[in-house]
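Notebook open, model loaded. I'm jotting down what I looked up, in the order I went.

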Amino acid sequence: MTSTSTTGALLAFEEALAKFDPAMGLEVHVELSTASKMFCGCSTEFGHEPNTQVCPTCLGLPGSMPAVNARAVESAVRIGLALNCRIAEWCRFARKNYFYPDMPKNFQTSQYDEPICFDGWTDVEVDAGDGPETFRVEIERAHMEEDTGKSLHVGTSGRIHGADYSLVDYNRAGIPLIEIVTRPITGAREKAPLVARAYVAHLRELILALGVSDARMEQGSMRCDVNLSLAPAGSGGLGTRTETKNVNSLRSVERAARYEISRQAAVLEAGGTVLQETRHWQEDTGATRSGREKSDAEDYRYFPEPDLVPVAPDPAWVEKLRAGLPEPPRERRARLQQEWGFSDLEMRDTVGAGALALVEQTIAAGAAPQAARKWWLSELARRSNEQGIDLTELPITPGHVARIQALVDEGAINDKLARQVFDGVLAGEGDPDAVVAARGLAVVCDEGALSGAVDRAIEANPDVAQKIRDGKVAAAGALIGAVMKEMRGQADAGRVRELILERLS
Amino acid sequence: MSTDWTRKTAAELADALAAGETSSVELTRAHLDRIAQVDGPVHAFLHVDADGALAQAQASDERRAAGGPASSLDGVPIAVKDVLATKGVPTTCGSRILEGWVPPYDATVVARLREAGLPILGKTNMDEFAMGSSTEHSAYGTTHNPWDLDRIPGGSGGGSAAAVAAFEAPLAVGTDTGGSIRQPGAVTGTVGVKPTYGGVSRYGLVALANSLDQAGPVTRTVLDAALLHEVIGGHDPLDSTSIDQPIGNLVEAVKQGSSGDLSGVRVGVITEMSGEGWQPGVLARFQDSLDLLTKAGAEVVEVSCPTFVHALATYYLILPAEASSNLARFDAMRYGLRVLPEGVADPSAEEVMRATRDAGFGPEVKRRIILGTYALSSGYYDAYYGQAQKVRTLISRDFANAFEQVEVLVSPTAPTTAFPIGEKVDDPLAMYLNDLATIPANLAGVPGISVPNGLADEDELPSGFQVLAPALADDRVYRVGAALEALLAGEWGGPLLDRAPALEGAAR
């Protein structure tokens with residue numbers, strides 16, 4: 001019999017909290033969306049054929065040398081400023097030495113004791129149903145480093161153990177990463193998992209507002225490691241921590257924190273000790289699995305990278321970046337909600353769907369706030385869900401959506417036709433006007449054609465006509481449907497209704 | 001009677017090409033023939049690229065015929081130390097672990113040679129990953145000193161120095177981490193220059209110790225070194241540590257120095273670089289040279305640099321630390337040697353890495369990886385690597401103080417002449433002492449030159465005279481070096497290398 005560590009005992013969450021205080025540290029890696037890599041000119045674009053976006057430097061070929069991407073430094077400083085960090089006047093890169101096949105040089109160029117950003121904080125809001133509460137999360141540091149390549153283990157196991165062979169794609173090697181590390185978050189008690197989730201969500205929003213990363217957790221451009229430890233309730237101490245990796249969604253952040261609280265509590269309750277180790281979050285089982293043991297014995301032999309000169313951001317430049325920071329997400333949300341007259345629920349849904357900027361741009365392009373919200377959160381959200389992509393990835397612009405709404409407002413098309421226009425635009429048939437013209441979707445305004453169709457509908461449905469004459473106006477729907485069918489949907493339903501009622505009153 | 005082009009300096013060859021007296025193909029062929037004749041016993045080359053060199057020579061001649069030579073050295077052939085990446089030409093760094101690796105790119109230095117039109121004859125031998133002072137640590141056999149084939153040619157760049165000393169190439173590129181250009185220059189009677197750190201791009205130079213490495217000229221005359229330095233030097237955006245400033249007019253400095261007039265130039269003799277362990281004949285030649293400089297008008301004074309006595313210890317912490325990290329990439333995953341562990345049916349990546357590194361690295365490389373790994377380990381970092389960096393700062397400060405008193409510092413380049421092959425190969429500490437005089441310049445990033453200054457009385461073997469100057473004042477080492485060269489030539493009536501024995505098998 002073998003047993004795996006994922007099937008260990010759990011203590012009920014409430015019971016765990018009664019006995020222990022959780023402390024969390026969150027490490028978030030953000031892949032910057034700079035055009036080129038951290039230390040070379042290779043493209044960072046996602047989804048290309050393996051090993052096509054590589055050069056001697058990011059492959060770590062003998063003799064190659066790094067050169068710092070100034071854009072990445074700028075992004076790092078802006079992230080730091082948005083997190084109320086201090087910006088180093090002078091800092092260096094360092095080598096983190098360890099062997100791994102997907103790491104071309106067998107050291108990662110990172111930062112060690114001289115991070116570019118340090119000593120910051122950010123406020124996050126959680127609502128456990130008892131009203132919103134603000135938690136201040138202290139930021140220890142945010143530093144620059146390079147990503148590794150990506151190993152693909154081919155075989156039935158899908159993991160390194162039991163793989164038939166492994167392939168490595170170095171397209172990702174050298175992509176700029178910013179690692180943002182919090183100080184231990186204590187005192188959140190039962191809200192700790194919610195705080196973890198809210199922090200990551202807040203960070204993501206902030207990163208998106210800065211425009212420095214697409215921050216897609218499912219694609220790995222934003223990755224979270226959850227460090228968690230328990231100490232006896234009220235002791236004020238810190239216990240042995242585990243580091244849970246592979247937490248790739250906001251929901252998983254919350255679940256992983258919750259799981260580790262229950263798991264560690266069970267270990268401690270049984271008189272055991274928590275092992276300091278790396279664990280992996282498993283989405284399917286909703287549990288963490290023990291990974292390689294990570295003890296303090298792991299020695300990365302950090303030393304300053306001798307191939308790079310120190311980074312010394314000019315204070316005047318930093319102040320310029322500070323002045324150019326976008327409005328903080330919370331303030332921005334409050335302002336937009338006020339301007340648009342959205343309810344709290346409407347606002348939360350809009351933010352939750354990642355549609356805030358899209359709605360804002362659609363309104364800026366001329367659409368009414370409610371119309372903009374309606375299209376993005378219903379019609380387009382449905383389509384993006386079906387395809388499993390983000391709203392921003394749909395091949396349609398806020399300008400297109402505003403134009404479609406304008407066509408509806410002008411009466412040129414109706415809502416039903418509008419959906420066909422969306423189909424056309426998303427299928428790449430051109431802008432809304434082009435789709436309307438090509439598909440012949442304009443509402444028929446020819447009163448003669450419409451009158452004829454109305455007459456024929458009344459003639460074909462004498463019973464319904466009689467009901468309407470008798471005052472049952474609601475029955476008009478059946479006649480409208482018949483007319484719309486004859487007109488193949490290209491009629492203004494309101495006008496049809498008027499014509500029917502005129503004739504039968 | 002045809003001219004023996006291999007006996008000419010690079011400057012003379014450039015003039016002959018400009019005057020239409022010869023072609024690059026003729027010159028290149030002459031050197032390839034010389035290599036075929038003498039490189040058997042000398043073994044300066046690890047790889048001779050005859051086809052590539054002749055094709056580049058052909059292109060050079062066509063360029064010149066069309067009226068536009070690419071540089072003053074267009075068409076003059078050159079040899080390149082095997083530590084610089086050459087596109088399409090094998091690059092081994094003298095190590096088994098890189099056997100068969102053909103770089104897909106050129107080092108910036110190599111790219112500049114190609115742009116300037118210098119045909120590349122081949123790649124020269126070296127101690128494995130430039131770790132050594134004799135080339136005995138090459139995985140591909142030792143290079144022999146053309147002055148005495150039973151002796152070492154210096155190292156790590158013994159191949160480049162021997163190629164130039166044996167007239168197999170008029171020019172070569174070397175690299176100098178602790179003396180690997182200057183010490184081979186001293187023991188082979190050739191000129192070697194370590195430029196200011198950051199003066200020549202390191203992009204494509206397979207790093208030994210990144211904060212110490214510097215590529216530079218290996219030649220037979222100071223003027224040739226200046227000509228080559230001006231071709232390979234200057235800022236390179238691919239090397240962040242390269243200096244974004246003009247390298248100065250070095251050829252002009254040579255011309256100034258060749259007049260033999262050093263009136264008003266203050267020359268500092270480093271007090272700490274004499275005494276026990278220094279060969280009397282080397283010290284005697286050094287004193288002769290000082291006398292010549294004094295006669296030429298220089299003011300020679302003693303200057304103490306007390307921290308230099310710690311330079312060797314400092315160097316042997318910083319170098320292994322950086323090297324241990326640099327050499328981690330040789331793991332059999334992407335290029336070079338791959339060795340499967342014996343008796344393992346289905347080896348893991350880690351097992352292949354271990355077996356390959358065990359088989360691919362030689363003993364000196366392993367020694368330094370172990371030293372460096374230890375020096376960087378948590379708990380030891382402050383005591384070793386951290387402390388070494390502090391001493392390094394003190395050494396730089398000693399240089400700064402000295403250069404407030406004098407314009408250049410001088411010393412013998414190496415404490416002894418060439419020693420017999422095999423004498424020190426099993427005694428690493430004795431081997432390390434060869435670089436005693438050259439290491440401080442690398443730690444401080446300042447430029448240095450070694451100029452041949454005679455034969456030691458005991459063994460009739462060449463010694464070298466080292467000139468050091470402040471960072472970015474490379475022109476000073478050229479001026480003083482050229483002056484000494486001119487003064488010595490006046491005494492000798494010709495170049496020192498004319499006194500080297502003819503090599504067996506060579507048609508003279």
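I began with chain A, which has 16 helices and 14 strands; these are DSSP runs, H or I of at least four residues for helices and E of at least two for strands, numbered from the N terminus. This is a predicted model, where local features need pLDDT of at least 70, side-chain atom pairs count only at pLDDT 80 or more, and totals for chains, interfaces and linings use all residues. For my own bookkeeping, residues are numbered from 1 along each chain as its sequence is written, and chains are lettered from A and ligands numbered from 1 in the order in which they are written.

**Confidence.** I checked pLDDT (the predictor's confidence in each residue, from 0 to 100): chain A averages 90, and 95% of its residues score at least 70. Residues 1-6 of chain A fall below 50, and that stretch has seven contacts in the model beyond near neighbours in sequence.

**Overall build.** The C-alpha trace of chain A spans about 90 × 55 × 55 Å along its principal axes. I get 40% of its 505 residues as buried, meaning 20 or more other C-beta atoms within 10 Å of a residue's own, with C-beta atoms placed from the backbone.

**Cores.** I then looked for nonpolar cores (buried Ala, Val, Leu, Ile, Met, Phe, Trp, Tyr and Cys joined through C-beta atoms within 7 Å). The largest has 237 residues, and those touching the most other members include Val195(A), Ala196(A), Ile78(B) and Val408(B). Helix α3 (residues 192-210) of chain A gives this core its largest share, 11 residues. A second, separate core of 42 residues includes Leu394(A) and Leu499(A).

**Thr350(A).** What surrounds Thr350(A), apart from residues up to four places away in sequence? I found that Thr350(A) touches Phe342(A), Ala355(A), Leu356(A), Val359(A), Arg373(A) and Leu377(A), a contact being C-beta atoms, placed from the backbone, within 7 Å. Thr350(A) sits in helix α7 (residues 344-352) and is buried, with 24 other C-beta atoms within 10 Å. Its C-alpha is 7.2 Å from that of Arg373(A), 23 residues along the chain.

**A helix in chain B.** In α11(B), I noted Met353(B), Thr356(B), Arg357(B) and Gly360(B) as buried. Down the axis of α11(B) they fall within an arc of 95°, taken from the directions from the helix axis to the C-beta atoms, so they line one face of the helix.

**Where the chains meet.** The contact takes 24 residues from chain A and 32 residues from chain B.

Note on methods: Buried ≥ 20, exposed ≤ 12 C-beta atoms within 10 Å, placed from the backbone. Contact = placed C-beta atoms within 7 Å.
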